[in-house]
Amino acid sequence: MISLRDIHKTYQMGDVLVAALQGVSFSIDKGDFVAIMGPSGSGKSTVMNLIGCLDTPTSGEYVLDGVAVDQLSSNDLALVRGQKLGFIFQQYNLLPRQSALRNVEMPMIYRGVSGAERQRRALAALNLVGMGQRVDHRPNELSGGQQQRVAIARALAGSPSVILADEPTGALDSKTSIEIMELLRRLNREQGITVVLVTHEHDVAAYAARVLTMRDGQLIGDQRN
Amino acid sequence: MTTLDVHAAPEPAPVAADSILFQPITASSSGFGSLWEVVRISFGSLLANKVRSLLTMLGVIIGVASVVSLLALGNGASASITGEIEAIGTNILTISAGSQNRGPGNATAAQNLTMDDAKAIEALQLPVIGVAPQLNSSAQIVAKSADKNAQIIGITPAFQVVNNLTMQQGSFISDEHLQGANTVIVLGATLAKDLFGNGQALGQTVRINNQTLRVVGVLTPQGGSAFGSEDDRAYIPITTAQKRLFNARTPDGNGYRVGSITLSAINASDLDALQSRVSMLLRERHHLKLDGSADDFNVINQAEILGTLNTITSMMTLFLAAVAGISLLVGGIGIMNIMLVSVTERTREIGLRKAVGARSHHILMQFVVEAAVLSMTGGMIGLMLGSIIPIVVTQLGVLDAPIDLQTVGVAIGFSLGVGLFFGIYPAQRAAKLNPIDALRHE
């Protein structure tokens, strides 16, 4: 599903070249549940941006679901993101003035999905995350955990190949964090959805089937729980 | 994009209650399937900021309103001036004495248009309704109980035909009056009223330069024109003016001067030909050589005046519209300003939309549509407000200032153009945002 080979990523910061990733290689199989761990500055967010097709590597190969995405233009990357990826952010990133339903429908607008199909898919996704009763609520009428469920529904609705979660529990209390992680695990186990998440919390990483550990731009650990 | 199989067969998914999520998405990934949705997004965000949207539109509203009302009023004024000239007649040629560039050498030649010139022109048998020589002077008219300074115009009977004058009382100057240089006078309506009161003038006498003249007629009111009221004038036989009142004998003593000669052509299209024929005759009679020496007379072609005035009024209209256009420009800059603020404010939203699959043209479209909707709506409101003054003015009968289709087109076209022009830059800024940075934006 995901295959990275010898990925390097170098940023220019002023006059200094910063090597964020120095030859990272790994593969993730379909249906897996992977956590990427590491302290800040370890390069885990850079890996996440690359997997999420928000950025391209300086060198190396990245194949996502059979598509070589490492050298695509930014518009083609956007197309890949829309079709193959679902994103979950730490800050939920819901549109504040739109209902939960409209928020979940939004990514599909850019794929040209008809209004009727968008609504059916969005309702199904909201039901799946347990938000079927609150489809007309706006984000400010929902708790943090509920907002993150809507965000998960948004990621699910377009039938992505992979769901990418960047610190999905970072803004939640521990009880809600557990609920969200249970939900992700249930989606992974029952629906076979591939999940990749980035976290620095061991409690969160413990939900994953496999934990990749990063440090100083290199992969230093690869364990199965 | 050939490497990208966008509709790769979905992996066989576990059958679940929510299985619709695992069916392949039936979507055309073309950029335009989602255009309507993008337009809806734009409307949504404009409605969410009603006050701001309205304030942003204000510049365009004022700009379009002023363009519309100035264009309508300008066109109305232009039509009104043209109408007045046409009422006087576009078929009139006026020859007046004196050269436009009087050198020191021919200053005396200035006053040499004579009664004989007029007779010679008449002798040409040109296709004209009449040839009307006249001699104007301003003098004090003294009646029994009032007196007034007025234009005294010495004319021939042809003057009545050439100028379409009608009588309220009595009759116009006749051929007998002309032959005999009789001391008779015809008064304009206002002048008659000022001197004698309503309906009292006929048969009375007035004194001008110690000559007593009998009032034989009063004209019907002609109304004002751009050149002053005709109703304030008095008409006498030109012979009387030349011989008795104003001593207009030529320096050589053989004839009498005239101030001007008016020709009224049967067909307005003959004016140019008439003008050159008459000029030729007068140059011959005045012994002007064919070496290019200047005419010692002026010919005013009414059609030329009309053309000139039309040019002037349309220039004025364009100038005013251009001034109004500047406020439209300022309105456009206002839109750009607000759009830039809006892009900055919504950086995170843009980042999110791009992260979940919006391509650059989706974002570009969203913001361009916002700008276009703002300016178009402003343009419509401006059009309505700008129509009020011309409509009121027309209703009151001050000026006929219709809002024509062209004005509407200009208003809508310009406001749309302004929106697109000033909306493009902010929209491009939004479309170029990098989703990673945009998502981190606070």
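pLDDT is the predictor's confidence in each residue, from 0 to 100. This model is predicted, and chain B averages a pLDDT of 82. In chain B, 88% of the residues score at least 70. The model scores ipTM 0.94 and pTM 0.70.

- Over residues 1-17 of chain B, the pLDDT is below 50. Beyond near neighbours in sequence, this stretch has 26 contacts in the model.
- Residues 100-110 of chain B also stay under 50 in pLDDT. For them the model has eleven contacts beyond four places in sequence.

**The two chains**

- Chain A has 225 residues, and 53% of them are buried. Its secondary structure comes to seven helices and ten strands.
- Chain B has 442 residues, with 40% buried. It holds 13 helices and ten strands.
- Take the contacts in chain A with a separation of 6 or more: residues 24 or more positions apart account for 67% of them.
- In chain B, the contacts between residues at least 6 apart in sequence join residues at least 24 apart in 81% of cases.

**A sheet in chain A**

- Four strands of chain A form an open sheet in the order β2-β1-β4-β5. The pairing is antiparallel.
- The edge strands are β2 (16-28) and β5 (67-68) of chain A. Each pairs on one side only.
- Strand β1 (residues 2-13) of chain A pairs with strand β4 (residues 59-64) of chain A over five bridges. Within this pair, Ile2(A) has Leu64(A) in β4(A) as its bridge partner.

**Nonpolar cores**

- In soluble globular proteins, nonpolar side chains tend to be buried together.
- The largest nonpolar core here has 126 residues. Those with the most contacts inside it are Ile36(A), Ala125(A), Leu126(A), Ala153(A) and Val67(B).
- Helix α2 (residues 50-88) of chain B gives the most to this core, with eleven residues.

**Ala321 of chain B**

- Ala321(B) is found in helix α9 (residues 302-345) of chain B.
- Why is Ala321(B) called buried? The cut-off is 20 or more other C-beta atoms within 10 Å. Ala321(B) has 20, so it counts as buried.
- Ala321(B) and Val67(B) are 254 residues apart in sequence. In space, they are 5.2 Å apart, C-alpha to C-alpha.
- Not counting residues up to four places away in sequence, Ala321(B) touches Val67(B), Leu70(B) and Leu71(B).

**A hairpin in chain B**

- Strand β6 (residues 205-208) of chain B has alternating side chains. Val206(B) and Ile208(B) point to one face and are buried.
- Four bridges join β6(B) to strand β7 (residues 211-219) of chain B, and the two run antiparallel. Val206(B) stands opposite Leu213(B) in β7(B).
- Two residues lie between the strands of this hairpin. Asn209(B) takes a positive phi near 50° there.
- Val215(B) is found in strand β7 of chain B. It has 23 other C-beta atoms within 10 Å, so it is buried.
- Val215(B) and Thr183(B) are 32 residues apart in sequence and 9.0 Å apart in space, C-alpha to C-alpha.
- Not counting residues up to four places away in sequence, the residues touched by Val215(B) include Ile185(B), Leu187(B), Ala201(B) and Val206(B).

**A helix with a kink in chain B**

- Helix α11 (residues 360-396) of chain B has 37 residues. From first C-alpha to last, α11(B) reaches 54 Å, close to the 54 Å expected at 1.5 Å a residue.
- Where does α11(B) kink? The kink, of about 25°, lies at Ile388(B), shortly before the proline Pro390(B).
- Gly397(B) follows α11(B). The phi of Gly397(B) is positive, near 80°.

Note on methods
Residues numbered from 1 in each chain as written. Chains lettered and ligands numbered in written order. Expected span 1.5 Å × (residues − 1). Bend = angle between axes of the 7 residues up to and from the residue. Buried ≥ 20, exposed ≤ 12 C-beta atoms within 10 Å, placed from the backbone. Contact = placed C-beta atoms within 7 Å. Pairing = 2+ DSSP bridges. Core = buried A, V, L, I, M, F, W, Y, C linked by C-beta atoms within 7 Å.
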